[in-house]
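Let us take a walk through this structure together, from its overall division down to a few local details. Please have the sequence and the 3D view at hand.

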Amino acid sequence: MTTSDGTVLGSTRIHGTAPRNRAFTLVLLGDGFTAAEQTAFDTACTSFVTAMTTTPPYDRIGRAVNIWRVNVTSTDSGADDPVGSGGTGATARTYFDSRFGANGIRRLLVCDSSLVLQTAAVQVPEFTVALVVVNSTVYGGSGGSVGTYSLADGATEIALHEIGHTAYGLADEYAYYAGGGETGHDHHPAGEPSEPNVTLTTDRSSVKWGWAIGPSTPLPTMSNPDCATVDSRPSTAPAGTVGCFEGAHYYHCGAYRPEHNCKMRELSAPFCPVCAQVIRARTKVAENICALTPARDAVYRYDGSGISWTRIGGPAGQIYAGAWGLVATNPSSGDLYRYLGTPDDWQYIGSAGATFAVATDTVYGLTPSRDAVYRYDGSGASWTRIGGPAGQIYAGAWGLVATNPSSGDLYRYLGT
Ligand SMILES: [Zn+2]
């Protein structure tokens, strides 16, 4: 139940090569793993890395993320599972005192959060988020100041959902609290929730994710015909529609979620576009500034203090940078290269263009004849045409804009 019930063995970086002072850093700490079970913890961490780095939007922002594991032994294997909340009555002496059954709900898995934060800060001082991996196959997790998840089926999906709470402040999008049939959850009380992915409004001009809603999508998009229960009908809107779907934030009616389904509602679903955008925007950490020498014979990155810079690449024609990263053109061919994070490690991602613009999640290019705008698909040298002729393109965290080549009028890219 306390630190006398185990030992912190140490930390290991298991994913990512981002500079430690600028990365989004996730720390996995084990609880309820005995000294003899550390390999099982290591394996669970590897599974987590695979799941996270292949799940959109993380599959395209992984380079900003470092993941560490902190091996901690516990005297006993498992976690407390009190009878009062439907558990087996098992007790286990573990370092972080993990226990199921918080608030009388068995799946709510909590631990000594203060001790977790304290331990993470000692082991990986730059950590952004701490997540406790609990050695039990009982289904559970939670996402408070630290996230927790157990090794039940779908464990890594639980982990990604809980990180949605802990790291990004996302709300639960499901429409019940304890399991679906409970009373007192028919209508959401007044007061707009602070989270970015649930709302009480269906007003097109003020809904938080209005940017993602098509002009012809009706609001509300789906209403619950019976507020006494959760609306479990399939979507009546075309797949992928973003709008206002009633039933969210633990209530059957009166609160809305952005898409019919989302990983913040159901583990097996992908993140909806609104949650994905929040994750992309908030995973980006303090960027650095890069420069091309006057002779264009080298690219340098500022070290973050004083007047110290590090050479990270050779000659370049032009460089473009943004939250997604740094790209540079080959001075002779004009081919585009992406910087991979360590000096002289650059990857070819496309041929020459008139100009490029880096946004939060990718890079955009204007063809040499300025007759089309393309978006980089995120891997290899694959690009998708997203627009016609443009005079100039500009991108940033807010999005992409382009000028009409004849009038100079400005247009905003709406995402399709
Ligand atoms: Zn969502």
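**A guided tour**

Where do two parts of this chain meet, and what is the count of salt bridges between domain 1 and domain 2? There is one salt bridge between domain 1 and domain 2, a salt bridge being a side-chain nitrogen of Lys or Arg within 4 Å of a carboxyl oxygen of Asp or Glu. Before going further, please note that this is a predicted model, in which local features need pLDDT of at least 70 and side-chain atom pairs count only at pLDDT 80 or more, while totals for chains, interfaces and linings use all residues. Residues are numbered from 1 along each chain as its sequence is written, and side-chain values use heavy atoms, with hydrogens and water left out.

Now for the overall layout. The domain assignment of the protein chain gives domain 1 (3–166), domain 2 (170–265) and domain 3 (290–412); such bounds come from an automatic or database domain assignment. Taken over C-alpha atoms, the centres of domain 1 and domain 2 are 29 Å apart. Their contact (heavy atoms within 4.5 Å) takes 10 residues from domain 1 and nine residues from domain 2.

The size of an interface is often given as the accessible area lost when the parts come together. Between domain 1 and domain 2 the buried area is about 770 Å², with carbon and sulfur atoms giving 49% of it; buried area here is the accessible area (1.4 Å probe) that two parts lose on being put together, summed over both. On the domain 1 side, Arg-107, His-161 and His-165 supply 54% of the area buried against domain 2, more than any other three residues.

Zoom in on the polar side of this meeting. The side chains of Glu-157 and Lys-263 form a salt bridge, at 2.4 Å from N to O. Eight residue pairs are in polar contact between domain 1 and domain 2, both residues being at pLDDT 80 or more. A polar contact is a pair of N or O atoms within 3.5 Å; within protein, one must be able to donate a hydrogen and the other to accept it, and residues adjacent in sequence count only if both atoms are side-chain atoms.

Across the whole structure, a search finds eight salt bridges. One of them links Arg-93 to Asp-76, with the closest N and O atoms 2.9 Å apart. Both Arg-93 and Asp-76 lie in the loop between strand E3 (65–74) and helix H2 (113–123), so the pair ties together parts that are 17 residues apart in sequence. Helices (H or I, at least four residues) and strands (E, at least two) are DSSP runs, numbered from the N terminus.

Most residues other than glycine have a negative phi, and most peptide bonds are trans. Another cis peptide bond joins Leu-219 and Pro-220, where omega is about -5°. Pro-220 belongs to the loop between helix H3 (155–166) and strand E7 (245–248).

Strands E13 (residues 325–329) and E14 (residues 336–339) run antiparallel and are joined by three bridges; strands pair if DSSP finds at least two bridges between them. Val-327 stands opposite Arg-338 in E14, and Gly-334 in the turn has a positive phi of about 85°. E14 also pairs with strand E15 (residues 346–350), in the antiparallel sense over four bridges. Here Leu-336 stands opposite Gly-350 in E15, and Gly-341 takes a positive phi near 110° in the hairpin.
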